[in-house]
Amino acid sequence: MIEPREVVLTVNGERRSGPCEPRMTLVDFLRETLGLTGTHVGCEHGVCGACTVLLEGESVRACLMFAVQADGASLTTVEGLAPAGEMNDLQRAFQEHHALQCGFCTPGILTTATALLRDNPEPSEDAVRHAISGNICRCTGYQPIVRAIMDCARRRKAEKRAGGAA
Amino acid sequence: MKPAPFDYVAPATLDEALAVLVERGDEAKVLAGGQSLVPVLALRLASPAWLIDLNRIASLSGIRRLESGELAIGALTRHRMVERSDVVANANPLLASAMPWIAHVQIRNRGTIGGSVAHADPAAELPGICLACDAMLTVQSRRGRREIAAADFFKGMFETALAADELLTEIRFPAWPAGRAYGFLEVARRHGDFAICGIATTVDRDAEGRIADSRIVAIGLADRPLRLTAAERALAGTKGDRDAIEAAAAAATSGLTARSDLHASSEYRIELAQTLTRRTLMQALPSQTRWP
């Protein structure tokens, strides 16, 4: 029997902890141990991108890390993008543009796009497509997803300009 | 699927890691970025009793330009850090140009240069770049340290010259000569997939503009990255004009048999290697290639 380890980490600004076997992936730890089921688990071998979370701000596949490796780390999951019951501007853009149908891929794409727009606030359509190339969506054909991300970037820019003028 | 049970140790220093490797090497796998190893575990293609996680060893990560002009990259340096590094862009533009071709951003945020090289996937970009650049690989164990030339490191599919008690700790790229031209391209079914075939090219010319030296390296073609020496010979001494490029492309795969799998036949890979040899030479020598 392999001894479980206690993992302590910060998720969405909150200190969380729990036991896990070394073989438990980070996504299973988030979902099963911490009850944060917003992060989805799809292929479990790094192909589909559904489990993407932000580790120290950078997008990573939570199925390709073990929870023990995240001890002491700071994570953001889809639950951390906006206060409970609310949506941020990126999420609203997804809603407006119908950028999801079944929604299974959405948490991974939202976290991926969050990192993209932070690093590249005015991405070209090519850059958006490149950024989400590691996230598989079987419903939308990607067009509305790309439009939602581009629209969110445009609105942020417009707001910034308006803020600057005022 | 879930990985089979394993025990886990995350040494804080290289010395500790090397000691654990002596103790557990036979029944352990070394975990770097995990972007290849964790899928292997999840699919239960391997079920080691131990994982030795290197991620707590800060000294294995970093990018340095040495006084000699060499570029030294710690084995645990993440792809994304290499991709975004101005030091790398200046010191080795071929390496920099290959980075965005590696998988997807989420993988590059986690995957490491040393992990990719030590894993030795025949279609991976970095082993090919190491070979094209004559990189030196620093390897350490409790017995000491040694340097292995990239040309001697890759032994076959997922096989390297690393002994069971050794860790790859640093990759050193020789200084980039002034005026060196380069090209990199690959073909995959979808962006971010492993290449069906890719070509990395460097070209050095003498004062008269004749090609003094070149490297044309194929990935995905064989069981390891491969120098296409017949193409290199076809270029030697020429001005790298259209005829020379065509001759190099035609010669690229002479005497070679490419591997065949569900992604592409051997014949298709041979075609790709020739075409990408031509195109990477056109990237490297654009002034020579205004086709009429």
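Visitor: How many residues does helix 3 of chain A have, and what span does it reach?

Guide: Helices here are DSSP runs of H or I with at least four residues, strands are runs of E with at least two, and both are numbered from the N terminus. The expected span is 1.5 Å times one less than the number of residues. Helix 3 of chain A (residues 106-119) has 14 residues and reaches 20 Å from its first C-alpha to its last, close to the 20 Å expected. This is a predicted model: local features need pLDDT of at least 70, side-chain atom pairs count only at pLDDT 80 or more, and totals for chains, interfaces and linings use all residues. Residues are numbered from 1 along each chain as its sequence is written, while chains are lettered from A and ligands numbered from 1 in the order in which they are written.

Visitor: Is helix 3 of chain A mostly covered or mostly open?

Guide: Count neighbours. A residue is buried if 20 or more other C-beta atoms lie within 10 Å of its own, exposed if 12 or fewer, and partly exposed in between, with C-beta atoms placed from the backbone. Helix 3 of chain A is mostly covered, with 11 of its 14 residues buried. Among them are A:Thr106, A:Pro107, A:Gly108 and A:Ile109.

Visitor: Into which domains is chain A divided?

Guide: The bounds come from an automatic or database domain assignment. Domain 1 of chain A covers 5-80, and domain 2 covers 89-165. Their C-alpha centres lie 22 Å apart. Two residues are in contact if their C-beta atoms, placed from the backbone, lie within 7 Å. The contact takes 16 residues from domain 1 of chain A and 12 from domain 2 of chain A.

Visitor: Which strand gives the most to the side of domain 1 of chain A that touches domain 2 of chain A?

Guide: Strand 3 of chain A, with 3 residues. Strand 3 (52-55) and strand 4 (58-61) of chain A each supply at least two. For classes, Ala, Val, Leu, Ile, Met, Phe, Trp, Tyr, Cys and Pro count as nonpolar, Asp, Glu, Lys and Arg as charged, and the others, Gly among them, as polar. This side of domain 1 of chain A has 6 nonpolar, 9 polar and 1 charged residues.

Visitor: On to chain B. How many helices and strands are there?

Guide: Chain B has 12 helices and 14 strands. The radius of gyration is taken over C-alpha atoms, and the globule rule is 2.2 Å times the number of residues to the power 0.38. For chain B the radius is 19 Å, close to the 19 Å that the rule gives for 292 residues, so chain B is as compact as a globular protein of that length. Of its 292 residues, 50% count as buried.

Visitor: Where is A:Tyr142 found?

Guide: A:Tyr142 sits in the loop between helix 4 (125-131) and helix 5 (143-165) of chain A. Its phi is near 75°, a positive value in a residue other than glycine. A:Tyr142 counts as partly exposed because 17 C-beta neighbours lie inside 10 Å.
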